[in-house]
Amino acid sequence: FLTNGESFFFRDKGQFLALEKHILPELIGRKSAEKKLRILSAGCATGEEVYSLVILLHGLIDDIDQWDVKVYGVDLNPASIARAKAGIYRNWSFRGVGSEPQQTYFKQVKNHYYIDPKFKSQVAFYPINLVSDSFVLSAKEIFSGVPIHDPLEDLDLIVCRNVFIYFSADAIAKVLGKFYQALRPLGYLLTGHAELYGQNLDAFQVK
């Protein structure tokens, strides 16, 4: 009944610095032979986090055109997903960020900024309930040929920040189990600060 659609580009500079300097370079180095990356932004709201991740990847991978990169954004709110797919933003979405992202990765039309179309081929947005919906496809979806979403599996990185603060402890535990199953071995889960307090994290290694 209550969702928070608040988001902006490169939200939480400390965590994005960790992504830029440590997590993503490690993943890129590890996957350099396969040239394939799968990332999930869970609770993506209107898509700023997803496009922020894609922008980072374009800055870190020189030959990204030769890579198979997909950043998935999922959110409970279908209206937010529709806005994320459109990729159109106002100045408010860039607060706390310099003007370089708008000038480099967007086309300005009056007071709106349109994401560079080349990024849209590397993202996919789906309305998904993290607690109740399945991350993988059912046999019915597979054989019908009309899946609701790509299978969210073999992920290298899951970013789920400022989402669990709205969940009960049991719901968090359930979603953590799904995340664990969806991640590749040595895959990363990045959450908001203190959002996993009191949870059993034996299946994960803190790094």
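Glutamate 26 is partly exposed, at 30% relative accessibility. In this predicted model, its side chain meets that of arginine 30 in a salt bridge, with 2.8 Å from N to O. The structure holds seven salt bridges.

- Glutamate 26 and arginine 30 both belong to helix 1, which covers residues 13–30.
- An α-helix has 3.6 residues a turn, so residues three or four places apart point the same way.
- Arginine 30 has a relative accessible area of 33%, so it counts as partly exposed.

**A network of salt bridges**

- Salt bridges link Lys31, Glu34, Asp156 and Arg184 in a network.
- Side chains of opposite charge can pair when their charged atoms come close.
- In one of these pairs, the side chains of lysine 31 and aspartate 156 meet at 2.9 Å, N to O.
- This pair links distant parts of the chain, 125 residues apart: lysine 31 is in the loop between helix 1 and strand 1, and aspartate 156 is in strand 7.
- Both lysine 31 and aspartate 156 are buried.
- Aspartate 156 also forms a salt bridge with arginine 184, where the closest N and O atoms are 3.5 Å apart.
- That pair, too, links distant parts of the chain, since strand 7 holds aspartate 156 and strand 8 holds arginine 184, 28 residues apart.
- Aspartate 156 has a relative accessible area of 2% and is therefore buried, whereas arginine 184, at 29%, is partly exposed.

**Glutamate 49**

- Glutamate 49 is part of helix 2, residues 48–60.
- Its relative accessibility is 9%, so glutamate 49 counts as buried.
- The side chains of glutamate 49 and arginine 161 are joined by a polar contact of 2.9 Å.
- Apart from neighbours within four places in sequence, the residues in contact with glutamate 49 are Ser7, Phe16, Ser41, Val159 and Arg161.

**Helix 7**

- Helix 7 has 14 residues (169–182) and reaches 20 Å from its first C-alpha to its last, close to the 20 Å expected at 1.5 Å a residue.
- Buried residues in helix 7 are Ala171, Ile172, Val175, Leu176, Lys178, Phe179 and Ala182.
- Seen down the helix axis, the buried residues of helix 7 fall within an arc of 160°, so they line one face.
- Asp170 and Gln181 are exposed on the other side of helix 7.
- The cover over the buried residues of helix 7 includes strand 1 (36–42), strand 7 (155–160) and strand 8 (183–191).

Terms used. Residues are numbered from 1 along each chain as its sequence is written. This is a predicted model: local features need pLDDT of at least 70, side-chain atom pairs count only at pLDDT 80 or more; totals for chains, interfaces and linings use all residues. Side-chain values use heavy atoms; hydrogens and water are left out. Helices (H or I, at least four residues) and strands (E, at least two) are DSSP runs, numbered from the N terminus. Buried means under 20% relative accessible area, exposed over 50%, partly exposed in between (1.4 Å probe, protein chains only). A polar contact is a pair of N or O atoms within 3.5 Å; within protein, one must be able to donate a hydrogen and the other to accept it, and residues adjacent in sequence count only if both atoms are side-chain atoms. Contact means heavy atoms within 4.5 Å. The expected span of a helix is 1.5 Å times one less than its number of residues. The arc is that of the directions from the helix axis to the C-beta atoms. A salt bridge is a side-chain nitrogen of Lys or Arg within 4 Å of a carboxyl oxygen of Asp or Glu.
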